Amino acid sequence: MYSKIISGTALGIDGLLVSVETDISQGLPGLSLVGYLASSVKEAGERVRTALRNSGFFLPPSKITVNLSPADVRKDGTGYDVAIAVGILISMGKIILSEELNKEIASTLFIGELGLDGNVLPIRGVLPIVDYAAKMGIRNVVLPNENKEEASFVKEVNIYPVKSLQELIDMLHAGSFPEPYVPHDTSEVSPIETLDDLADIKGQELMKRGVIAAVAGFHNIIMTGAAGAGKSMIAKCIPGLMPPLSYEESMELTKIYSVAGLLECDMRFMDRRPFRSPSQNISQTAMLGGGTVPKPGEVSLANSGVLFLDEFPEFKRDVLESLRQPMEDKKVSISRVKGSYTFPARFMLVSARNNCPCGFYPDRSRCRCNAGEIFRYQSRISHPIMDRIDIRLEVKRVSFGELFTVEEGMSTESARQLILSARERQKYRYRNEKFNYNSEVPQSMINEYIKLSDKEQRILKEVFEQQDMSARGYFRLLKLIRTIADINDRDEIKLSDIEEAVFFRNETQSKGEFV
């Protein structure tokens, strides 16, 4: 007897529907799985056989063939077990399908791994599969109980969580699906509360202003200065400055964490912008993503959030240079023999470095580095990388008077209000576009959204020629100018906005002019 069940798999952060066809006929007894399968899928035969036996069902002494289609796409993972088991039971005649139930199953997705005892175990990458299935017209999803919160983020489908194969069989024996799972209401998301507040950082008001501009327009930023000046501390304040995720951003981010296996079972979706801070010994694969079965790396796990690289020059040169493409294209493409995978990488780079290896330059009374050591240290960050960083802050040491002043500086709450106001302006301005932030404006649309008078254009021409800027650097400067004007709560760009953006752009840092 022939049966057909719909299952699915994740390809990158996208999904693919897989037809699980089962046929039981006369021939040499055995269970054969075909369809360009990885070893983890081939092993499903023994898992399903044992799970069925421990659930009270024994395979007949017949030839059982299971085909996973399309056959030209390599199947990996353990998420097909439930679909294979259901297909075999239907072909065996253990599940009698009424006309109504047959129609329901034709538009039902079955995913999940089986334990040998018949329990249905959670799998990774559920959200991309369910989201794609909904777009393909699937109405019902049967999945592991631990994955129910994640899958319920997709509103267009009915979710039916199961804990065991026997529970699933009982549900199908009933002749119709029960009431679908209804998730808890988690629509209200409060701002992130952190122990770090900008008001606790004394004497660095200029650095705070630069960070506000970076967060408001999603610009990359590097902070350069003496050790202990507050660079890492202000970076830890950034999560409290970030605005809430939009639905589209949350969906994309949740897919990434689902595929990476980092989504907690009780978590319905990612409602916080990520703050990733990898160590200096990270490999290129861990940073960009990859592996035999490609998984997202740190640049993708920081999507819609912050990638903080402390002690920036201490990272391996190949790791730093590998950031060029994702910083420019906002995505990472990984090619393997099995196929090509694309992961989003729209992160905001926040980096920090000292002026020299020991961290005390330019205080020559404490710094013991010679000119060659300082030059080599600063040269570890190439000009192409620096050219992609919009804001370059020079952080000065804090004096005793500034450190113990009673005056209150800019607080996180005040900074957040400036950022939210600037973000609202951008949201309205780009309401009909596919991008959301000033830093993402394509070069072809710069003249449309960043309008300058003749006087301002002449000033920028002088800046371009005097500082020997690259074309990329010039267009990034224009986007930063637009953000500064938004922070100042105006649509019209003024000379003061240009001056502030040129100051923050600080082209001398990209040329290593510190020594």
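**Exercise 1. Determine what share of the contacts in the protein chain with a separation of 6 or more joins residues 24 or more positions apart.**

Solution. A contact means heavy atoms within 4.5 Å. Among contacts with a separation of 6 or more, 74% are between residues 24 or more positions apart. The model is predicted: local features need pLDDT of at least 70, side-chain atom pairs count only at pLDDT 80 or more, and totals for chains, interfaces and linings use all residues. Residues are numbered from 1 along each chain as its sequence is written, and side-chain values use heavy atoms, with hydrogens and water left out.

**Exercise 2. State whether Ala 133 is buried or exposed, and list what it touches.**

Solution. Step one: find the element. Ala 133 lies in helix H5, residues 126-135; helices (H or I, at least four residues) and strands (E, at least two) are DSSP runs numbered from the N terminus.

Step two: apply the cut-offs. Buried means under 20% relative accessible area, exposed over 50%, and partly exposed in between, with a 1.4 Å probe and protein chains only. Ala 133 has 0% relative accessibility, so it counts as buried.

Step three: list the neighbours. Leaving out residues up to four places away in sequence, Ala 133 touches Leu 17, Leu 109 and Ile 138. The C-alpha atom of Ala 133 is 9.1 Å from that of Thr 108, 25 residues apart along the chain.

**Exercise 3. Describe how helix H21 packs on helix H22.**

Solution. Step one: take the geometry. H21 (residues 471-487) and H22 (residues 495-505) pack at about 125°, with axes 9 Å apart. That angle makes H21 oblique to H22; angles under 35 degrees count as roughly parallel, over 145 as roughly antiparallel, 65 to 115 as roughly perpendicular, and the rest as oblique.

Step two: name the residues. The contact includes Leu 477, Leu 480 and Ile 484 of H21, and Ile 498, Val 502 and Phe 504 of H22.

Step three: sort the residues of the contact. They divide into 9 nonpolar (Ala, Val, Leu, Ile, Met, Phe, Trp, Tyr, Cys and Pro), 4 charged (Asp, Glu, Lys and Arg) and 1 polar (the others, Gly among them).

Note on methods:
Axes fitted to C-alpha atoms, helices over the stretch in contact; angles between N-to-C directions.
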